[in-house]
Amino acid sequence: RVKYSGKKGQLTAILRGMGALEPEARREVGELANAVRGELEAAIADKAATLKRAALEARLASEKLDVTLPGREKACGRLHPLHTVENRIREIFIGMGFTVVEGPEIESAYNNFDALNAPADHPSRDFQDTFYIDETTLLRTQTSPVQIRAMTGKTPPIRVISPGRVYRSDDVDATHSPMFHQVEGLVVDKGITMADLKGTLDLFARSLFGEETRPHHFPFTEPSAEVDVSCFVCGGKGCRLCKGEGWIEILGAGMVHPNVLASCGIDPEVYSGFAFGMGIERVAMRRYNINDMRLFFENDVRFLSQF
Ligand code: DAH
């Protein structure tokens, strides 16, 4: 385009020079020059269109997008089933007016045993069951020491639950693990009786399970109660897991001993209380029909992704 029809182009020079020609020659050259200009412009427009098309085709080829490819799924995490169950337990008790408190996993033997009125020969103190750090310090075997922390220096009414990890040197099997989770509950006020304990646990058990629980005798506190659920494996017929009983313990409970209240500075003549402690793993096993506690801790996504 520049070579022929630009400012200094060859055709431009011819057209400019026409004024100097004789009229006869001017007409002839004019006709010819116009014809050439027409052809030239058509050829340039044609070439421009070809180049534009080629550029578009090159872009389409390089930016090809296959909208039929399946999308890439984002892997999405979720709560561990033990957390889900713990959250549900929290909700139920918060709904009954409890607050949530926490205590340390490394505890004094005093808070874990003595202050809870467990005499030196109480079966729970057995060295075989407890991970001692030294003679006076241990990994808590239960969440019950949080009761002592919740009562000392406090004035009733007290209404707390305390979820957390506990440790026992138990051999691993389908219903035991050296580390597991409990939720402790404690209520202290004027006029608290066994009936309050029963009503609280009854409402709790029905909220979580429906009807498949039973109250049962718990031999470690006095007066005492235990909550059992029908066995997760046999459903109550009796099998190896439940040792032929058809029931599995999930919770121990009792009235708070007057000595325990007194050692925390609460007058047992004025106040009374109840307490309970439940195993979260066993609650979760019942809830989801899981037959082996080890599944919770193996971190196999094929198991975990089912919840
Ligand atoms: N600490 C008991 C356990 O680990 C459970 C328990 C029983 C807690 C009776 C209590 C209670 O508060 O009153 O088996």
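**Close-up views of the predicted model**

**View 1. Polar contacts between the ligand and side chains.** A nitrogen atom of the ligand is placed 3.0 Å from an N or O atom in the side chain of Ser-144. In this predicted model, the side chain of Gln-142 likewise contributes an N or O atom, 2.6 Å from a nitrogen atom of the ligand. An oxygen atom of the ligand has a polar side-chain atom of Glu-184 at 2.6 Å. On its own, the ligand has 350 Å² of accessible area, of which the protein covers 85%.

**View 2**

View 3. Strand E6 is largely enclosed by the rest of the structure, because nine of its 11 residues are buried. Strand E5 (residues 158–167) runs antiparallel to E6, and 10 bridges join the two. Within this pairing, Ile-158 has Val-188 in E6 as its bridge partner, and Val-166 has Phe-180 in E6. E6 is also joined to E10, by eight bridges and in the antiparallel sense. Here Val-187 stands opposite Phe-274 in E10. In a regular strand, side chains alternate between the two faces of the sheet.

**View 4. Strand E5 and its pairing with E1.** Strand E5 is mostly covered, with eight of its 10 residues buried. Strand E1 (residues 99–100) pairs with E5 over two bridges, in the parallel sense. In this pairing Thr-99 stands opposite Val-160 in E5. With E6, by contrast, E5 runs antiparallel.

View 5. A pair of aromatic rings is described by the distance of the centres and the angle of the planes. Eight aromatic pairs are found in a search of the whole structure. In the pair of Phe-93 and Phe-276, the ring centres are 5.2 Å apart and the planes lie at 25°, so the pair is stacked; the angle falls under the limit of 30 degrees for that class. The two residues link distant parts of the chain, since Phe-93 belongs to helix H4 (residues 81–95) and Phe-276 to strand E10, 183 residues apart. Both Phe-93 and Phe-276 are buried. One aromatic cluster is formed by Phe-93, Phe-98, Phe-204, Phe-274 and Phe-276.

**View 6. Ala-25 in helix H3.** Ala-25 has its place in helix H3 (residues 23–62). Its relative accessible area is 28%, so Ala-25 is partly exposed; this value lies between the limits of 20% for buried and 50% for exposed. From Ala-25 to Ala-118 the C-alpha to C-alpha distance is 131 Å, and the two residues are 93 residues apart in sequence.

Note on methods: Residues are numbered from 1 along each chain as its sequence is written. This is a predicted model: local features need pLDDT of at least 70, side-chain atom pairs count only at pLDDT 80 or more; totals for chains, interfaces and linings use all residues. Side-chain values use heavy atoms; hydrogens and water are left out. A polar contact is a pair of N or O atoms within 3.5 Å; within protein, one must be able to donate a hydrogen and the other to accept it, and residues adjacent in sequence count only if both atoms are side-chain atoms. Accessible areas come from the Shrake-Rupley method with a 1.4 Å probe; for residues, only the protein chains shown count as cover. Buried means under 20% relative accessible area, exposed over 50%, partly exposed in between (1.4 Å probe, protein chains only). Helices (H or I, at least four residues) and strands (E, at least two) are DSSP runs, numbered from the N terminus. Two strands pair if DSSP finds at least two bridges between them. Rings of Phe, Tyr and Trp (its six-membered ring) pair if their centres lie within 6.5 Å; planes under 30 degrees apart count as stacked, over 60 as edge-to-face and the rest as tilted.
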